[in-house]
Amino acid sequence: MNHLLSIEELDRPAIERIIAEAARFAEVSERAVKKVPALRGRMILNLFYEASTRTRSSFELAAKRLSADVVNFAPSGSSVEKGESLKDTVLTLSAHKPDAIVIRTPWVGSAELVTRWCSAAIVNAGDGKHEHPTQALLDVYTLRGRLGALDGLSLWIVGDLAHSRVARSNILAFTRMGARVTVAGPPTLIPRDMETLGCEVRHTLDELHDADVVYALRMQQERMTQAWVPSLREYATWYQVNARRLRPRQLLMHPGPVNRGVEISGELVDSPQSLISAQVEAGVAVRMAVLYELLAGASGPASSSLRPARPLRSQRQPDPHPQPA
Ligand code: CP
């Protein structure tokens with residue numbers, strides 16, 4: 001495998017390996033000079049056709065901390081505004097010989113499509129409602145850091161499942177790591193085939209107290225083409241995660257950005273139960289691990305990425321964790 005397109009293609013050992021590698025890279029962010037030379041001379045292209053704060057900034061930081069060159073692309077101000085297609089944009093920018101392309105678009109399957117047009121390693125940073133694999137990896141990493149193994153944990157994912165690529169990736173990742181996943185939300189916001197991903201489905205929060213971790217999802221109004229709920233106020237009445245519903249022992253997660261007062265009450269976002277800041281922090285180390293796996297394997301990009309684990313220091317060149325460059 002030369003790309004990271006979905007969690008579906010990762011088994012538990014592959015997830016474990018990326019998490020372990022991320023844990024080793026996390027230390028780089030604590031240094032005075034936050035850089036290692038692991039990807040020096042490599043080029044990463046961030047191709048974002050959709051808005052992003054966390055994913056784009058952390059991929060850029062991850063690449064820079066690995067000493068790669070980074071080009072950031074956004075449609076606004078580019079020739080996309082003159083009608084240039086995704087394919088022609090990729091072909092054009094591929095002339096600059098990127099080693100990896102990190103891509104986010106509103107179109108399901110776009111990351112996979114791009115693999116056919118260029119030789120770079122492709123990382124899916126979100127393709128429509130399909131998947132957001134690095135979000136799931138950083139969420140597993142965050143929970144590992146806080147609770148240890150996920151085996152046997154009860155995780156509830158609450159909210160707008162219908163439009164959420166995070167939910168799809170996270171259900172797959174959490175269940176592969178041994179957790180029990182329950183999804184909850186109004187019937188209009190839970191796709192009918194949800195159970196096929198290996199989770200249980202609830203339409204009320206009556207049993208939310210069973211959860212060890214509650215993962216709230218944003219109401220994605222930008223993807224809603226019809227009235228999926230009567231109103232946001234009514235949605236909040238029945239499904240908002242707030243201090244009345246969350247018990248003190250339970251942890252709270254959210255991929256961001258948060259609609260405070262809709263899917264979560266503002267006070268919980270800022271509470272000690274919230275892991276939201278830890279999730280953002282984890283993003284850099286996990287994305288460093290993914291880029292490193294894809295581009296710095298022993299035999300180069302064509303045969304690298306998410307392969308069987310090897311000890312970083314003993315078998316890989318260059319050592320990704322030497323003193324600052
Ligand atoms: N979680 C997430 O993907 O956030 P951004 O849209 O800000 O990247």
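The exercises below, each with a worked solution, go through the predicted model of one chain.

Residues are numbered from 1 along the chain as its sequence is written. In this predicted model local features need pLDDT of at least 70 and side-chain atom pairs count only at pLDDT 80 or more, while totals for chains, interfaces and linings use all residues, and side-chain values use heavy atoms, with hydrogens and water left out.

**Exercise 1.** State how many helices and strands the chain has, and what share of its residues is buried.

Solution. Begin with the elements, which are DSSP runs numbered from the N terminus (helices, H or I, of at least four residues; strands, E, of at least two): the chain holds ten helices and nine strands. Then turn to burial, where buried means under 20% relative accessible area with a 1.4 Å probe, protein chains only; of the 325 residues, 56% count as buried.

**Exercise 2.** Describe how helix H5 packs against helix H9.

Solution. Two packed helices are described by the angle between their axes and the distance between the axes. Axes are lines fitted to C-alpha atoms, for helices over the stretch in contact, and angles run from 0 to 180 degrees between N-to-C directions. Helix H5 (residues 133–147) and helix H9 (residues 276–295) make an angle of about 115°, and their axes lie 8 Å apart. Next, list the contacts (heavy atoms within 4.5 Å): the residues of H5 that take part include Leu-137, Leu-138 and Tyr-141, and those of H9 include Ala-282, Val-286 and Arg-287.

**Exercise 3.** Give the strand order of the four-stranded sheet, and find which helix packs on it.

Solution. Two strands pair if DSSP finds at least two bridges between them. The four strands form an open, parallel sheet in the order E2-E1-E3-E4, with strand E2 (69–73) and strand E4 (121–127) at the edges, each pairing on one side only. Neighbouring strands here are turned by 15° against each other on average, direction ignored. Helix H9 packs on this sheet, touching strand E1 (43–48), E3 and E4, and its direction makes about 150° with that of E4.

Notes: Buried < 20%, exposed > 50% of the residue type's maximum accessible area, 1.4 Å probe, protein only.
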